[in-house]
Amino acid sequence: MKRRAFFLWTVWLMLLPLLQGCGTSSGGLAVRELNRLNVVLASGVDYDEQKKQFVITIQSLKPAKEKNKPSSPDAVYTATASGNTVMEAARNLRAFTSGTLIWFHSKVIVLGKDVLKDNHLREVIDFFARNRENRYSSWVLIAQNSAKEIITSQAGSEVAIADELLGIISNQAEYAQSATLMLRDMMNSYTSPSRTFVTSIVRKTSQGKKSFIEIRGGAVVKNGVYETDLAPEELRSLRWIRKITDVEPGSVVSIPLHKETTGDEAKTAVELRIQKRKQHVEIRNDVPRVSIELQISATLMESDTEFNLKDPKTQEKLKKELDMFVQQNIQQLLTKMQKEKKTDVFAFDQLIHRQHKEYWRTHKKEWDRIYPEIPVTVTIVWNNLRYGMITQLERSGAD
């Protein structure tokens, strides 16, 4: 009898936590039933300078009531709330939503430009990092204007703007002019000496009467503060120098080759891919010197030239033009970020820390003085140059 009573009491104690709060407004299982959930798909954070408050805008989705039935546009809606802290603003969202907000499926975070002032970004990252429902794999974008403008935009080809943003981000595997970071990468940037990161810019643009969302170019953030924009071509050059994201996309560039008959400039489109990059630091006279070797492969995508691409001289000419193009673009970016902005987007500080630890320990406090004066040498090594299925189209009027 005592054993049976002991067994019943044990089972009761095990079930008690599950029953606690069941069917109450304070928590438990009943209040998180499917028809009471609002699944947050994307969130945006702005900062109101006048009111000195954070503003959170979310797009959420009510799950379909019927199985295998797609969500309708009516099930997708947005809500905005403000607060003295990011957490307070997030809590105040409950005043505008009837269901329970679930953040597990939120994959996109958009930050307004006003957040990138006066170190507000630190508080925003702290909020998303501490919230157990947020994913560290969420993509982080910088809005050209406000995050609210992006989150409340109407999607062009998808039901939800969050799906639209995710689709565009996934295309960066074939598009070297954007580089969207994940939340975990942005958090890790705070541990680097320069505390600098680059992520993509999202903007709302229009063509005629139709507006759409575009992710293109990048924003440089240093110490939590917006530093400068990178044009798509500059971001492409940065991708050549260092690996920013897990994806290493190919970049299509246009090279001029003059026609033989008319002398007119002909465009040749080539896709460049960095197969491997080697970075080395040498210390001379107490000054670090960085050498970068880029192993490149290229594929001819389109050509308006009259040259015979089987001719080794033509191949060398094309390689020489590509070499000059890459070198010029990289040097322009180095001049801007080293000499003008004095911002280490190239992660040279981390490179020196890895290869010359003793030098870094001794000189890290002088980094702002040392970085702009570092000589950088870029060498290009060609792995291969592919010409596609044909070597050259026949000239018009040829026999």
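**Holes, helices and one serine**

Mentor: Let's start with the largest cavity, whose lining residues divide into 5 nonpolar, 1 polar and 5 charged. Keep in mind that this is a predicted model.

Trainee: Which residues line the largest cavity?

Mentor: Ala 176, Arg 236, Arg 239, Trp 240, Glu 248, Pro 249, Ser 251, Leu 272, Arg 273, Ile 274 and Arg 277. H7 and E12 are the elements that give two or more residues to that lining, and E12 gives the most, with 4 residues.

Trainee: What makes it a cavity and not a pocket?

Mentor: The way out. A 1.4 Å probe fits in a cavity but cannot get out, whereas a pocket is an open set. The space in this largest cavity is about 60 Å³, and a search of the whole structure finds 3 cavities of 30 Å³ or more.

Trainee: What lines the second largest cavity?

Mentor: Its space is about 40 Å³, and the lining is made of Ser 192, Ser 194, Thr 196, Arg 242, Asp 344, Val 345, Ala 347, Asp 349 and Gln 350. By class, that gives 2 nonpolar, 4 polar and 3 charged residues.

Trainee: And the largest pocket, how many residues line it?

Mentor: There are 28 of them, and Arg 242, Lys 243, Ile 244, Thr 245 and Gln 350 lie nearest the centre. About 560 Å³ of space lies in this pocket. Strand E7 (181–182), helix H6 (183–189), strand E8 (196–207), strand E12 (265–284) and helix H9 (348–355) each give two or more residues to the lining. H6 gives the most, with 4 residues. The lining splits into 11 nonpolar, 10 polar and 7 charged residues.

Trainee: Now the serine. Why is Ser 178 called buried?

Mentor: Buried means under 20% relative accessible area. Ser 178 has 4%, so Ser 178 is buried. Across the protein, buried residues make up 45% of the 399 residues.

Trainee: Where does Ser 178 lie, and what does it touch?

Mentor: Ser 178 lies in the loop between helix H5 (161–170) and E7. Leaving out residues up to four places away in sequence, Ser 178 touches Gln 172, Ser 200, Ile 215, Gly 217, Leu 235 and Arg 239. The C-alpha atoms of Ser 178 and Arg 236 are separated by 7.7 Å, though these residues are 58 apart along the chain.

Trainee: What does the protein as a whole show for contacts between residues at least 6 apart in sequence?

Mentor: Of those contacts, 66% join residues at least 24 apart. The protein has 11 helices and 14 strands.

Methods. Residues numbered from 1 in each chain as written. Predicted model: local features only at pLDDT ≥ 70, side-chain atom pairs only at ≥ 80, totals over all residues. Heavy atoms only, no water. 1 Å grid on protein atoms, 1.4 Å probe; cavity = no way out; pocket = protein on both sides within 12 Å on 5 of 7 lines; lining within 4 Å. Points joined across faces, edges and corners; volume = space filled by probe spheres on them. Nonpolar A, V, L, I, M, F, W, Y, C, P; charged D, E, K, R; others polar. Buried < 20%, exposed > 50% of the residue type's maximum accessible area, 1.4 Å probe, protein only. Contact = heavy atoms within 4.5 Å.
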